[in-house]
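Dear colleague,

Please find below the sequence and structure that I am handing over to you.

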Amino acid sequence: MWVMGDLLDDYSPARAYGRSAWDEMFEERGSPRPGARALCDILQSLSGVELEARASARDRMFRDRGITFQLSGEERPFPLDLIPRLIVEEEWQELERGIVQRVKALEALLADVYGAGRIFADGVIPRRLVTSSEHFHRAAWGIEPPNGVRVHVAGIDVVRGGDGNFYVLEDNLRCPSGVSYVIENRRMMARIFPELFASHRVTAVDGYPAKLLEALRAAAPLGVADPTVVVMTPGVYNSAFFEHSFLARQMGVELVEGRDLLCHSGRVYMRTSDGEREVHVIYRRVDDEYLDPLQFRSDSLVGCPGLINVARSGNVTLANAVGNGVADDKLTYTYLPDAIRYYLGEEPILRNVSTHRLEDPEQLAHALERIDQLVFKPVSGSGGYGIVIGPDATDEQLASLKQDLTLNPRGWIAQELVALSTAPTWVDNRIAPRHLDLRPFAINDGNDIWVLPGGLTRVALPEGGLVVNSSQGGGSKDTWVIATQGRRRAKAAIRRPEQSAASNDRPSGGSQQWSSGSPFGAFDPEPGPSWEDPDRLRQQERQQQQSGHGQSPLGC
Amino acid sequence: MLSRIAESLFWIGRYVERAEDTARILDVHVHHLLETQVESEAELCARLLAVMGVKALDVDPDQLTSQRVVDRLAFDLSNPSSIVSSLVAARANGRGVSEAISSELWEALNITYNTIFTEGSPSMTFSAYSFFRFVRERAAVISGLIDSTMSRDDAWRFMVVGRSLERVDMLARLLAAATSGPEPDWVVLLRSFSAHEAFLRTYRREPEGALAAQFLLLDRLFPRSAFFSLRAAEDCLAELDPISGRLGPSDEGRRVLGRLRTTLEFIQVSELMRELGGLLPDLQRQCAAASMAIASRYFRKTNVVEWTMEREGVEGVTTR
């Protein structure tokens with residue numbers, strides 16, 4: 001039996017709506033899951049005061065580096081929990097395969113929707129489902145991506161149910177955000193909890209920007225050998241501006257706003273101090289509706305007029321492509337398992353949360369009966385807004401929901417409640433279980449779909465809460481994909497770094513003289529001229545006694 | 001580099017320099033008032049406000065105190081050229097271009113901002129003296145990071161041009177004000193630009209008018225002198241747009257600065273004090289002209305595109 005110390009003493013996995021939730025760290029009270037023991041040991045060795053001190057160090061560092069989140073107009077340090085979430089490698093590989101499969105199917109679906117429409121003709125998905133989606137853009141029809149990629153970046157939200165399986169909650173194919181926090185969370189954890197990394201082999205996440213740049217370059221218009229890539233942001237007041245700036249910096253490309261771009265003669269240029277310079281690939285983080293006032297909302301001030309026409313003529317690539325929203329629509333989601341079978345001829349690796357299409361009168365009636373047991377989501381909503389959780393809703397809320405559902409069944413889906421998994425989280429000076437989800441990020445460069453190991457774990461901080469969006473006050477966790485066997489470093493070496501240093505092989509017998517003081521075998525820093533010559537110091541002291549009537553210092 | 005970013009960088013340079021210079025000037029001013037009782041406080045304060053181009057406060061000029069002036073020039077967010085406003089603006093510009101500058105530089109700007117507003121209002125957190133010291137130190141950190149973490153590319157050049165122009169402008173302002181009245185205290189004046197010690201090491205005697213003015217305006221080695229700063233700005237502009245033909249620079253900003261620098265370089269030293277009355281306002285005017293020329297040359301170089309409806313339903317484009 002594993003011996004419990006202070007902080008995890010009272011920890012026991014939570015229940016949600018009468019069902020016990022899967023806990024990411026403990027199988028049951030007091031017994032950690034495989035791979036989680038080392039982390040438990042370290043947490044047990046810490047006191048609450050120590051954790052709190054690290055929490056305030058974390059907030060200060062986030063604030064200093066400007067890694068803040070706008071919440072109702074206020075700048076707050078990004079809410080990172082002190083305790084990482086662990087995913088063992090074997091489990092991750094399965095999840096990764098599922099995500100790759102899903103992104104492949106989504107690409108095929110988009111190519112079909114904005115192309116031949118085979119899937120409609122074959123009756124797998126009704127055509128009106130797509131044409132009635134508010135994210136379906138006729139303007140995108142006929143824009144052929146140069147390397148066939150429309151989903152350059154995807155964020156697939158998954159949750160773990162009470163049975164321990166991962167389920168896909170939704171797909172994000174427009175401007176999935178949060179990846180910068182994955183990388184910054186890791187950097188922050190390494191600073192405030194170096195000892196955790198010493199005892200785990202954590203898969204690195206900082207390769208993302210390089211992968212993204214590669215994929216963006218690969219998406220360049222045909223015949224452009226050395227494309228100019230830019231990141232396009234709505235501007236500094238956007239809640240994800242930090243991420244836009246982060247990605248531009250990490251990729252070493254320009255971060256442009258709509259007003260920095262101009263379109264003429266069928267091409268896009270940016271206004272530089274050296275005149276106009278052509279742009280070939282735009283990783284845009286501006287929504288479709290605001291991208292081009294000539295095509296979409298004419299009141300948009302953050303877009304660039306003419307962009308879509310240039311994209312259509314093939315002289316610029318927009319990433320992600322315009323019109324992707326039709327495939328991450330919550331109603332399309334319900335057809336995705338069918339789409340995977342249709343396009344790939346494979347069984348879906350990742351399951352959907354079981355979902356009811358309310359357009360079907362039978363399913364609507366059924367859902368209305370069980371209105372206090374289901375979760376209702378607006379089809380076109382994002383950011384967690386508008387979700388009604390049946391068991392939590394008041395009678396008035398349910399009554400108004402009922403009315404909405406009857407009037408506009410196309411606008412809603414109903415999902416079975418998933419008891420989201422929990423993990424130990426530092427809240428209110430103690431460790432308590434909180435519900436979480438996971439958003440892995442996938443990059444498609446046309447040859448290969450690469451999934452960033454781990455992803456963004458979002459935590460619902462209120463006790464029992466199930467909505468994890470950071471726009472709703474949710475927190476996050478550093479997500480570790482760890483190897484469980486064989487490759488963990490010996491703990492003794494971590495506790496006594498001087499020993500491991502001493503056993504390093506040093507070159508011997510060479511002509512170089514290794515200094516004795518440094519463990520790395522480098523030369524001592526070259527000393528400057530000595531100014532603390534004791535004899536001279538003594539003389540200076542003696543001289544000082546006479547300086548009262550000596551020469552003027554200016555005269556010498 | 002994007003025009004918008006170039007402009008922000010230019011202004012980061014200006015704002016940080018403005019905050020630093022204002023802190024130096026105020027620091028010396030407050031210190032000077034404590035040490036001497038010769039002049040009336042109100043008169044000195046009114047003159048300082050005028051120098052800094054700040055509208056007089058809503059108080060009787062006779063009632064002006066150092067405290068009020070410090071509040072206005074250091075802590076007042078409603079005064080766009082106060083120290084606090086300058087640092088807020090520098091950080092806001094830094095935020096918009098944080099991918100174009102080094103992360104350390106962005107952090108330095110951000111930490112400065114965060115520290116000022118730790119307790120809400122900066123005048124609650126800081127005493128005047130500790131605030132001036134803080135601002136000088138932060139400006140030193142920021143300048144140091146600009147010089148030690150950024151490539152000598154266009155981004156660095158725009159910042160240095162901004163910094164140098166602001167430096168000349170502040171110097172000209174203060175000198176003009178000081179020399180317009182009775183014989184100024186040259187030690188105080190030199191200290192305002194941390195030039196007193198450098199002056200002493202150079203000339204080894206107490207400062208008097210002509211020599212101090214020479215040092216602040218013409219010295220070839222002191223980094224805060226007008227000549228030195230003008231040359232720094234000019235060099236950067238030359239690198240931004242190297243001359244390719246057989247004629248001199250086509251860049252208006254560089255031409256203005258070059259002429260100004262030449263005036264200082266080849267001035268008859270014995271005539272300096274007599275020409276000061278015309279020279280100092282000219283320095284300010286020409287710096288403003290150079291700033292505008294740089295803006296139109298680099299920040300607004302590209303055409304404005306206007307979309308018009310040529311016929312119903314047909315979009316057209318006109319380039320201006």
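How many residues does the contact take from chain A and from chain B? In this predicted model, chain A gives 23 residues and chain B gives 24 residues. On the side of chain A that touches chain B, the elements with two or more residues are helix 2 (48–64), helix 9 (241–251), strand 11 (254–256), strand 12 (261–264), strand 13 (267–272) and strand 14 (275–278) of chain A. That side of chain A is made up of 9 nonpolar, 6 polar and 8 charged residues.

I then turned to strand 26 (residues 456–459) of chain A, which is covered on both faces. Leu456(A) and Arg458(A) are buried on one side, and Thr457(A) and Val459(A) are buried on the other. Strand 26 of chain A pairs antiparallel with strand 23 (residues 430–439) of chain A over 4 bridges, and antiparallel with strand 27 (residues 475–477) of chain A over 3 bridges. Thr457(A) is the bridge partner of Leu438(A), and Lys477(A) in strand 27 of chain A is the bridge partner of Thr457(A).

A further open sheet in chain A consists of 4 antiparallel strands in the order 18-21-19-20. Strand 18 (355–357) and strand 20 (388–389) of chain A each have a single partner strand, so one side of each has no neighbour in the sheet. Strand 19 (residues 374–378) and strand 20 of chain A are joined by 2 bridges, with Phe376(A) opposite Val388(A). Helix 15 (residues 361–369) of chain A lies across strand 18, strand 19 and strand 21 (412–416) of chain A, at about 125° to strand 18 of chain A.

Yours sincerely

Definitions and conventions
Residues numbered from 1 in each chain as written. Chains lettered and ligands numbered in written order. Predicted model: local features only at pLDDT ≥ 70, side-chain atom pairs only at ≥ 80, totals over all residues. Contact = placed C-beta atoms within 7 Å. Nonpolar A, V, L, I, M, F, W, Y, C, P; charged D, E, K, R; others polar. Buried ≥ 20, exposed ≤ 12 C-beta atoms within 10 Å, placed from the backbone. Pairing = 2+ DSSP bridges. Axes fitted to C-alpha atoms, helices over the stretch in contact; angles between N-to-C directions.
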